[in-house]
Amino acid sequence: MAGFHGYYLRVDLTTGDRQRVPIAPRILRRFLGGVGLGTWILHAEAPDENYDALGASAPLVFAFSPLVGTPLTTSAKFAVIAKSPLTGMICDSLSSSQFAIHGKRLGVDAIVLLGACAAPSIVVNGEVRPTDLWGQSATAAEAALAPLGKAAAIGVAGENGVLYATISNDGRHAGRGGLGAVLGAKNVKAVVVRGSEKTQLAAPERVMELARDLSQRSLGAATAKYRELGTVANLLTFNRLAALPTRNFQQGSFESAERLSAEELAPVREKARRSCAACTIGCEHIYGFGDGKSVRLEYESLFAFGSLCGVDTPEQVLAAVAECDRLGLDTISTGGTIAFAMECRERGFLPDGPSFGDAAALLPTIQAIATRQGIGDLLADGSRRAAWALGNNTIDFAPQVKGLEIPGYEPRALQAMALGFAVGTRGADHNKSSAYELDFDKSGNRLHGDAEIATRAVAPENRAALFDALILCKFLRGVFEDVYGECATLLQAVTGWDVDATELEATAARIVNLKKAFNVQQGWVPADDVLPRRFLSERLPDAAANGAVLPRERLQAMIGSYNLARGWTADGYLPAEVWDDLDL
Amino acid sequence: MSQRRVASARRGRAARGNVVSQHDFGEGPGDRVSWCTSARLLEFRAAHRAVPSDDFGVDLATRLPPAHQGGRPLERDPKYGAVLLCGGGSRRMGRAKALLPWRGKTMLEYVIDTLATVTDQIVVVGAPGLTLPDLGSRARVVEDRVADKGPLAGIREGLEACPAEFAFVTATDAPFLTAEFVRYLLSFDRAVAPEVDGYVQSLTAVYPTAAAATAADLLARDRGRPLFLLEACDYLRVGEAELPSREPFRNLNNPDAYLAAVQVEEGAATAEVEFLGTTRSRADRATLTVPIGTVQQAVESIESQCPAVSLREGGALAPHYLLSFDGREFVRSLAAPLGPGERLLVMDAAAGG
């Protein structure tokens, strides 16, 4: 079968049993790979409704995709899918590089872990083995396991069940939603892969031709920002647009943004530029700090420990990012939860918490979280649970949706994105929605979301679902003139299918439906699609925001329009015909 | 018109249907229009000299609003309010007129400050989706509930929200409006509209707020012109000769008019370009000062002074760049004006990451 192996590997960690489970070609055609296939497997393997995300029966899926292993640029990616312990909803995170290539060479399109090991273990090509790496950083574990293959590992945070712990590989992370805690709960330090079974391509020469063309185009103006400055270029721009979350979303601009900006930092601190395996863009910008240390810096990490915490010293921000990488923590949720604690302290609800602008408090707080020591035990469960524990209506300013901390896009200043956060199946998420593109469309009004923009938000979300299933990097999105048509051409060459743009559009929408279906089965209700009260009632004070706010009624109207545009009921449930199409 | 007639008109008893001129008005003279002659202007001027003499009769002196007596600040009368319409698409200007710089403020803020010297009861009617600067307690902002229904829909919203008995209605592109003029029209205590160049100026007029229901009725019957509401209110038409000034009717509807007016006001003013993202390293600078003009001219200045920055493709802005006026509004048209003291942000269009 070209492009796929047609099997997934099911590993029962409790018994050590391994099983190659066939996947019907129809399923691959309807859900592709990556997030689409992974979510389908999650549905198939999930034990029951409302199961414990950290329980032994909870499945954890590593899903590869049809394009992995091809010379197509940015295709060396995989998805990790499970029920998030942070949100109780689906979590689909992506990561890149050699783990994807070597994992698919095992001769399977996905690996599913079920059950739990009795003692700390590693899983090597599906075989459960004891390990003495418990307590090591993910990086150290990867290095130690290198002789066995490419590893995706957890750090101390995952071992300690921090609800936003990551799974890391090759210096990258399946970062959001606490998948590292899921792996840690199974007593698994790392999943190691090394295979030799290459996937067939239906039209190898055509694939090469397409790959050369795509690589060439990937070096054009559409990706210049990522190549030249990386995602950190967002910071100063967002600051000018009052879209830079500052001091736990109390402001949309930070007075010291220039000090933290890529424009200022890159000339003096940037040490190198790197890329994932099989990528021509090279968006990874490595910054130096401390005594010869370095760290890959992304906008989301920079904002989370910079403006969001009111910290204006690059040295400490970079150190905080590196510490999260070492311990295996999602920087967005870590920064968001710390910023929440800072506001709680400011308001007198958490006297022992850190203060805004206290750069020296970042590292100790991060370490306390990863080890669940002192206040870290409270913060390790994320801002929503911390707010529930603290009471006093602190939930009104806990920076999360469905429990997932909000990334660096101020919802009042980017109101299409605000909708994306509210309806996102994994919570406040920028990568799955991509609705910020509508906010940056000069014909719209980013400060005033409405029903029309809500309807348009479906298209970028569907496109993101397609990219996450193929898998291709979303930084390529500006390279394509006809995304669905061109992706159909790629799939034709790889798989031999007679797929076309229309079919792929339906597939993308189906994958979004599939994720929503999982949430519905796990207890989602319409009230989950909401933003914290702060965004619905407090005006954004910055001049460039023109006093923007997103009243609850307007948000609800947007959500209703979005749901109807998706073919769902107005309150967001899936109608019978959608369930029928999913054929679960 | 006799003195008696003037006083009568002020009390709202002017003869109805007394149309002096029947020429083709822009808004079209209605059948039931009261007319006011040059004697009205004499009244106003007399009031400003603070000499309510016997020549003008006791009636005049007692009925003129206080500010007419010597031009002192008007004692605020809750009877009077103002409605400011911000519903236009500003298509000819190429950007929201409300946010244009004018005398150190936005145009919207400037007009509000003018109105605020007359009344505290200001209602701003914004088009659906138009986000206005935070006006705090200076004005109540309401949204035009129905888009693209024309100015009468906005007037209706404003009248409904205004707690006064009479509302001076104006649009946001009235930078030459004066408090004196507002007081003049309000002093009639009735529906009143000036006629200038043969056009009834229904968007620089006074409406009774009780007419909101009538406006709704007209809209329901697809009679969406403000003049229909004025007619229904038995309005008083004030001739051009009677007006204290024509200046308030100078609108700035397009970039040329705006830039010419700014040139007169401020001379050789400048704006600042700020480079963000990849353009900063290419420009090898963070900012660049440019003369005010259209965005097109600013872009030409940028490309001329920073040769490594190429913002256009085929004459239009390249799709991978975005421009913004001070972060408040994206540039939609290169023909739009860049005002004095403004900051033009040059940024990468790709937002994700």
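Which residue in β20(B) is the bridge partner of Glu274(B)? The partner is Leu345(B). The model is predicted.

**Contact between chains A and B**

- Chain A gives 35 residues to the contact, and chain B gives 27 residues.
- On the side of chain A that touches chain B, the elements giving two or more residues are α8 (224–228), α9 (234–240) and α19 (436–439) of chain A.
- α9(A) supplies the largest share of that side, four residues.
- By residue class, the side of chain A that touches chain B holds 14 nonpolar, eleven polar and ten charged residues.

**A hairpin in chain A**

- Strand β4 (residues 77–83) of chain A and β5(A) run antiparallel and are joined by seven bridges.
- One of the pairs is Lys77(A) with its bridge partner Ser96(A) in β5(A).
- The two strands, β4(A) and β5(A), form a hairpin, and six residues lie between them.
- Gly88(A), in the turn of this hairpin, has a positive phi of about 75°.
- Strand β5 (residues 90–96) of chain A is mostly covered, with seven of its seven residues buried.
- In a regular strand, side chains alternate between the two faces of the sheet.
- From β5(A), Ile90(A), Asp92(A), Leu94(A) and Ser96(A) point one way, while Cys91(A), Ser93(A) and Ser95(A) point the other way.
- The residues on both sides of β5(A) are all buried.

**Helices and a cis peptide bond in chain A**

- Leu470(A) and Ile471(A) are joined by a cis peptide bond, with omega at about -15°.
- Ile471(A) belongs to the loop between α21 (458–470) and α22 (483–495) of chain A.
- α22(A) packs against helix α23 (residues 501–521) of chain A at an angle of about 100°, and their axes are 8 Å apart.
- Angles of 65 to 115 degrees count as roughly perpendicular, so α22(A) is roughly perpendicular to α23(A).
- α22(A) makes this contact through Tyr484(A), Gly485(A), Cys487(A) and Ala488(A), and α23(A) through Ala501(A), Leu504(A) and Glu505(A).
- The residues of the contact of α22(A) with α23(A) divide into five nonpolar, one polar and one charged.

**A sheet and a helix in chain B**

- Five strands of chain B form an open sheet in the order β13-β12-β20-β17-β18, with mixed pairing.
- The edge strands are β13 (287–291) and β18 (329–330) of chain B, and each pairs on one side only.
- Strand β12 (residues 270–275) of chain B runs parallel to strand β20 (residues 343–348) of chain B, and four bridges join them.
- Among the residues paired here are Glu274(B) and its bridge partner Leu345(B) in β20(B).
- Helix α11 (residues 295–305) of chain B lies across β12, β13, β17 (321–325) and β20 of chain B.
- This helix, α11(B), runs at about 130° to β13(B).

**Positive phi values in chain B**

- Asp197(B) is a residue other than glycine with a positive phi, near 50°.
- The loop that holds Asp197(B) lies between β8 (192–196) and β9 (199–200) of chain B.
- Asp197(B) is exposed, because 10 other C-beta atoms lie within 10 Å and 12 or fewer count as exposed.
- Asp234(B) is not a glycine either, yet has a positive phi of about 55°.
- Asp234(B) is found in the loop between α8 (226–232) and β11 (236–238) of chain B.
- With 17 other C-beta atoms within 10 Å, Asp234(B) is partly exposed.

Note on methods
Residues are numbered from 1 along each chain as its sequence is written. Chains are lettered from A and ligands numbered from 1 in the order in which they are written. This is a predicted model: local features need pLDDT of at least 70, side-chain atom pairs count only at pLDDT 80 or more; totals for chains, interfaces and linings use all residues. Two residues are in contact if their C-beta atoms, placed from the backbone, lie within 7 Å. Ala, Val, Leu, Ile, Met, Phe, Trp, Tyr, Cys and Pro count as nonpolar, Asp, Glu, Lys and Arg as charged, and the others, Gly among them, as polar. A residue is buried if 20 or more other C-beta atoms lie within 10 Å of its own, exposed if 12 or fewer, and partly exposed in between; C-beta atoms are placed from the backbone. Two strands pair if DSSP finds at least two bridges between them. Axes are lines fitted to C-alpha atoms, for helices over the stretch in contact, and angles run from 0 to 180 degrees between N-to-C directions. Angles under 35 degrees count as roughly parallel, over 145 as roughly antiparallel, 65 to 115 as roughly perpendicular and the rest as oblique.
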